[in-house]
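Hi everyone, thanks for coming. Please have a look at the model on the screen, and then I'll walk you through it.

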Amino acid sequence: MSGESAIDPSIAPSGTGCVECDEAGGWWFHLRRCATCGHIGCCDDSPAQHATAHYRSTGHPVIRSFEPGEGWFWNYDTDELSGSGPELAPPVSHPDDQPVPGPAGRVPANWAETLRG
């Protein structure tokens, strides 16, 4: 996979939810993990698209899915999807009992109508 120099497998994720959504009281559809610094951000189908915003503000090009059962990586610089990559520090996903979309109690009833995808 190209971009492996941007991956630090020793860095733990920043938490179990999108950092910026948690700070603002927002919600997300799916979560992505920066493979450089561990920042957890929401996906591009989410209302705020914080994972891509993190890439734009930091230049950290590689993310990994932070969804249970998913191990793919995406490189923003090359628009390359890879089905696998190096093992990252645990945990590799949000908790199984965390709902999607999430988090519980902050997702609007009409959430499907607000997705960007």
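Let's start with the sheet: five strands form an open sheet in the order β2-β1-β3-β4-β5, with antiparallel pairing. Strands here are DSSP runs of E with at least two residues, helices are runs of H or I with at least four, and both are numbered from the N terminus. Two strands pair if DSSP finds at least two bridges between them. As a reminder, strands of a sheet pair through backbone hydrogen bonds, either parallel or antiparallel. The edge strands are β2 and β5 (80-82), and each of them pairs on one side only. On average, neighbouring strands of this sheet are turned by 30° against each other, direction ignored.

Before I go on, a word on where this comes from. This is a predicted model, so local features need pLDDT of at least 70 and side-chain atom pairs count only at pLDDT 80 or more, while totals for chains, interfaces and linings use all residues. Residues are numbered from 1 along each chain as its sequence is written, and side-chain values use heavy atoms, with hydrogens and water left out.

Back to the strands. β1 and β2 pair in the antiparallel sense over three bridges. What is the bridge partner of Arg33 in β2? The partner is Ile40.

Now the helix. α2 packs on the sheet, touching β1 and β2, and its direction makes about 120° with that of β2. For these angles, axes are lines fitted to C-alpha atoms, for helices over the stretch in contact, and angles run from 0 to 180 degrees between N-to-C directions. Which residues of α2 (residues 50-58) are buried? They are His50, Ala51, Thr52, His54 and Tyr55. Buried means under 20% relative accessible area, exposed means over 50%, and partly exposed is in between, with a 1.4 Å probe and protein chains only. The buried residues of α2 pack against α1 (19-24), β1 (31-34) and β2 (40-42), where contact means heavy atoms within 4.5 Å.

Look at both ends of that helix. Gln49 lies in the loop between β2 and α2, and its phi is near 50°, a positive value in a residue other than glycine. Gln49 is partly exposed, with a relative accessible area of 26%. α2 is followed by Gly59, whose phi is also positive, near 80°.

Asp79 is another non-glycine residue with positive phi, near 55°. Asp79 sits in the loop between β4 (73-75) and β5. Is Asp79 buried or exposed? At 56% relative accessibility, Asp79 counts as exposed.

Next, the prolines. A cis peptide bond joins Pro90 and Pro91, with omega about -5°, and another joins Gly102 and Pro103, with omega about -5°. Pro91 lies in the loop between β5 and α3 (111-114), and Pro103 lies in the loop between β5 and α3 as well.

Finally, the largest pocket, which holds about 170 Å³ of space. Of the 13 residues that line this pocket, the closest to its centre are Arg32, Cys43, Asp44, Ile63 and Trp72. On a 1 Å grid over the protein atoms alone, a pocket is an open set of points where a 1.4 Å probe fits, with protein on both sides within 12 Å along at least five of seven lines, and lining residues have an atom within 4 Å of a point. The volume is the space filled by probe spheres set on the points, which are joined across faces, edges and corners.
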